[in-house]
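Please open the structure in the viewer and keep the selection tool at hand.

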Amino acid sequence: LIRNAKMSKVYLVGAGPGDPELLTLKAAKVLKRAEVILYDRLVSRQVLEQANPWAEQISVGKLCGQQQQTQQRILALLLHYARQGKTVVRLKGGDPLVFGRGAEEWLFLRQQGIEVEIVVGITSATAVPGLAGIPLTFRGLSSAFVVATGHCQDADEQDWSRLASVETLVILMGVGRREAIAQSLIAAGRAPKEPVAFIERGTTSEERVVLSTLSDVAQGKAMIECPAIFVVGEVVKLRESLTAETISSNAEMTQHRPSRVLS
Ligand SMILES: C[S@@+](CC[C@H](N)C(=O)[O-])C[C@H]1O[C@@H](n2cnc3c(N)ncnc32)[C@H](O)[C@@H]1O
């Protein structure tokens, strides 16, 4: 059993933020060779369409409240297929090592004697705001950004007063707690009028951008659906100038971009 395990390999692959053109060349190559693909809920159908059509595709998306149980099942499945000597791809949204428990799976597989190859992906944390016209840094406006989770275990509450000193905040998994997060940031000294943006389903044809302010979010006035990236900072204001319609030869290029709805 141990000898078999040593011969097998699991590819821990980042699927990027949704648009299949944002897969890396390496990820596309590995997907074509995969025999088994265990994929997360955030992986788009268009990305899965790039894979070997004969590969067994297994959805292992997690539902709220079932995280632990599902994670155990994922580890068991990875081990099961790897020990059969199959080419296994563990496909995760964005980059597998950014809030995706990728490193936990990597560690587990190594402990079981399974070889792991990491194929990094384009993380939604930078790509989704960037493609929505919100650069995370800009000379004179923001010289630093932080990527934080808005979803913490109670015992491990995020310390927003510590993060509030960074000019641009990029919050993942923050939709459910957006009001409390905005209230905490205001309490920590951020201006209530500070602009914020939520980008839902970024880089896909269903992308929707909602612009608001910290105080409106704190008062429950922003209606947002998951998955979304929550950006706080003056850089949000750049979106208007960066995405204004141009009447130049760029028109042809903009037709190929996903439609963007602003509410
Ligand atoms: C568990 S984290 C995984 C992050 C992923 N590993 C990455 O690098 O992008 C899931 C969160 O990422 C964000 N997210 C991922 N893809 C997104 C997308 N296309 N549009 C908006 N938010 C996205 C959302 O905040 C979502 O709740």
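In what follows, Ala, Val, Leu, Ile, Met, Phe, Trp, Tyr, Cys and Pro count as nonpolar, Asp, Glu, Lys and Arg as charged, and the others, Gly among them, as polar. The model on display is predicted.

Begin with the ligand and the shell around it. By class, this shell holds 11 nonpolar, five polar and two charged residues. Of the 18 residues around the ligand, those that come nearest are Pro17, Val98, Thr123, Ser124 and Ala228. At least two residues of the shell are supplied by α6 (124–131), and likewise by β10 (228–232).

Next, select Thr123: an N or O atom in its side chain is 2.7 Å from an oxygen atom of the ligand. Move to Ala228, where a backbone N or O atom lies 2.7 Å from an oxygen atom of the ligand. At Asp95, a backbone N or O atom lies 2.9 Å from a nitrogen atom of the ligand. The protein buries 89% of the 560 Å² that the ligand exposes when taken alone.

Now turn to the open sheet of five strands, whose order is β3-β2-β4-β1-β5, with parallel pairing. Its edge strands, β3 (56–59) and β5 (115–119), each pair on one side only. From one strand to the next, the twist averages 20 degrees.

Within the sheet, select β2 (residues 36–39) and β4 (residues 87–92), which pair in the parallel sense over four bridges. Val36 has Val88 in β4 as its bridge partner.

Finally, select helix α2 (residues 25–33), which packs on the sheet and touches β1 (9–14), β2, β4 and β5. The direction of α2 makes about 135 degrees with that of β1.

Key
Residues are numbered from 1 along each chain as its sequence is written. This is a predicted model: local features need pLDDT of at least 70, side-chain atom pairs count only at pLDDT 80 or more; totals for chains, interfaces and linings use all residues. Side-chain values use heavy atoms; hydrogens and water are left out. A residue is near a molecule or strand if one of its heavy atoms lies within 4 Å of it. A polar contact is a pair of N or O atoms within 3.5 Å; within protein, one must be able to donate a hydrogen and the other to accept it, and residues adjacent in sequence count only if both atoms are side-chain atoms. Accessible areas come from the Shrake-Rupley method with a 1.4 Å probe; for residues, only the protein chains shown count as cover. Two strands pair if DSSP finds at least two bridges between them. Axes are lines fitted to C-alpha atoms, for helices over the stretch in contact, and angles run from 0 to 180 degrees between N-to-C directions. Contact means heavy atoms within 4.5 Å.
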